[in-house]
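Hi,

Here is the structure I promised to pass on to you. Please have a look at it first, and my notes on what I found follow just below.

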Amino acid sequence: MNDMTTPNLSGSQPLATPFVSVKDLRVRFVSREATVRAVNGVTFDLARGEVLCVIGESGSGKSVMMRSLLRLHPKKRTVIEGSMQVGEHDIGTVSDRVLSKLRGSTISMIFQEPMTALDPLYTIGDQIAETVRRHEGLGREAAWARALELLELVRVPSPERRLKAYPHELSGGLRQRAMIAVALSCRPSLLLADEPTTALDASVQIQVLVLLRRLQREMDMSMIFVTHDLGVAAQIADKVAVMYAGRIIEYGSVGDVLNRPQHPYTQAMLASTVKDQERVVPLEAIAGSPPDLRALPEGCSFLPRCAYAEPECAVAMPSETVDASRHMARCYRVGLEGKRLAFNGSALPPGGRATPAPMAAERAEMLGRSA
Amino acid sequence: MWLYALRRIILTIPILFGVTVICFALVQIAPGDPIQNLLSPTASQADAERLRAAYGLDKPLPVQYVIWLGKVLVGDMGMSIANNTPVTGEVLRAFTNTIVIAMIAVVIAFILSTIFGVAAAYRSGGLVDKAITAVAVFGISVPTFWLGVILVIIFAVNLSWLPATGMGAGGSKGFDYLSWSDFRFAVMPIIALALPPLGIMTRTTRSSLSEILNQDFVQTLRAKGLSEFEVMVHAVRNIMPAAVAMLGLQLGYLIGGSVLVETVFTWPGTGYLLNKAILTRDIPLLQGTILVLATAFVLINLVVDLAQSLIDPRIKRS
């Protein structure tokens, strides 16, 4: 085979060079009324073939960060700073022409809403073939043949018929599969998936997730997967980044972050998921709401909602604490204990809940009222 | 597709039937007696009755309607009372004059408005956008008869580039739209007709385009690596159902509402004919003209519906 004789390019690179390298990425949207600081210094690396899950609640900047990797924001109103290296390209500085060549071929994206993410007036086949023809210069026939292969690849039943179907003629799950086929049509090296399963039924969600994971492994793609579903993250991720107010506040391997969460926000988020607890035990919710991105406070952005807040938290955003396994958290209470991160919750009020007592009381009252 | 088209065509038959009822009834409701207009003041009551019987106006209305409808179905719309000529020929000639310039005007307006709308939406908020908006607002606000007079003053009186009125020496018969010596008579009426639809359609194109450009799938198209031009092609195709509907509406408006422009330019179209028929209480001519106009309106809507279903696959379902 050809692959055996030609030098393996990815192998010839030193292992330390990651495929995706984002450094101190900052994104703000400027309008006459206000400046929204959506992403405030995001740094991460991703190796070839790895899956990074970005977790965070709405408004944490996870989708904005993803869209920056394709420069999909309106040019006029967006300021992007920092560097985004993907392969040999710095996405922040490449020309528009190079960018449009990278989009859909080297880097492609799957969106959250399969209902609205496809053009309603073009058939599924046309929309897949369009991408292939654009990037690989194939003829009409060849592009359609490729579209058929792709629909088979994403396991769409009776693909010949579906090629000629319009988006409104397909179910949500099939539409998302078609969307994935569009995204994979030119064998991308980096796949950006922006909550691709959120809008789907639970049973369809699992199917799409398993499909994505399988294809990602088969095609050796790097993938950045945005979700707010911790269960999804546990299924698919190699690395997990937790975002809050436009910053990564905890990062590490999926086992480290989900089994040994260090940051109070990650802890609280894990506590608020449904596990095996008794039905009578009320679910923990994180009280309060995310900060206003138009006017971020000086200190730690999680401070107003944090059960462990101290005066020093209001002064400046904590810097990164990283352990030997590259588990990182940004919190004054996280320190190194030997080779691992350790959370110091000793100054806790008795009871040791992840939320301040008054808020817990308020929540209990609310639950009581609604019951 | 063919099933939808067939169903849509069959559905227009009852509409057209309703159109004939209304055309017939409206004219009957209107006050005035055409027979009295024809007779000299000295004519006797018996003369009037005889004339009434000759035109079939002595029979009960439903009978008159059935007789009229029967004739209309074979293309005979009776004789004009004022001229004593067949209505069908006169109306069709006038209608041809009207529909040809109306279609030219609306197609020009459609093409220009698409270009302007795309430019304005693409440079939304910029200088181009503002200039185009100004032109559009001018087109919408200016009364066509005033514009017609101004055009005549500039191009006919001051510059002597174009003839002021009429269809030239040959008149309506033998008028050749393909030869410049004839067509130049049509230029100013077309401009006067085209400006209001141009304004309205530019505005709607611009607003529906900026709506489409904010939709999710546009981001998908960009993420696929399409150029801005290719993205715009997708967006323009998406506004076409609405744009074609607007085109049909404007064409209908032009053929029905061309009275003012045709009067200013003494263009012998249906507006002109309608005016004449009303003034002389020429009932067969009036009925015939209204019927042809209303039928044209219904057929334009049919064509618009079929065109929309060709562009937007979702329409066939409903």
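Let me begin with chain A: the centres of its domain 1 and domain 2, taken over C-alpha atoms, are separated by 32 Å. Domain 1 of chain A covers 41–237 and domain 2 covers 247–370, with bounds that come from an automatic or database domain assignment. Ten residues from domain 1 of chain A and ten residues from domain 2 of chain A make the contact, where two residues count as in contact if their C-beta atoms, placed from the backbone, lie within 7 Å. On the domain 1 side, β2 (35–46) and α10 (230–236) of chain A each supply at least two residues. Helices (H or I, at least four residues) and strands (E, at least two) are DSSP runs, numbered from the N terminus. By class, that side of domain 1 of chain A has six nonpolar, three polar and one charged residues; Ala, Val, Leu, Ile, Met, Phe, Trp, Tyr, Cys and Pro count as nonpolar, Asp, Glu, Lys and Arg as charged, and the others, Gly among them, as polar.

Before you read on, please note that this is a predicted model: local features need pLDDT of at least 70, side-chain atom pairs count only at pLDDT 80 or more, and totals for chains, interfaces and linings use all residues. Residues are numbered from 1 along each chain as its sequence is written, while chains are lettered from A and ligands numbered from 1 in the order in which they are written.

Chain B is assigned domain 1 (2–73) and domain 2 (92–317), and 32 Å lie between their centres, again over C-alpha atoms. Each of these domains of chain B brings 16 residues to the contact. On the domain 1 side, α1 (2–29) and α2 (34–38) of chain B give two or more residues, and α1(B) gives the most, with twelve. The residues on that side of domain 1 of chain B divide into eleven nonpolar, four polar and one charged.

As for the two chains together, 23 residues from chain A and 19 residues from chain B take part in the contact. On the chain A side, the elements giving two or more residues are α4 (96–102), β6 (107–110) and α5 (124–136) of chain A. Of these, α5(A) gives the most, with three residues. This side of chain A has ten nonpolar, eight polar and five charged residues.

Enjoy browsing it!

Best wishes
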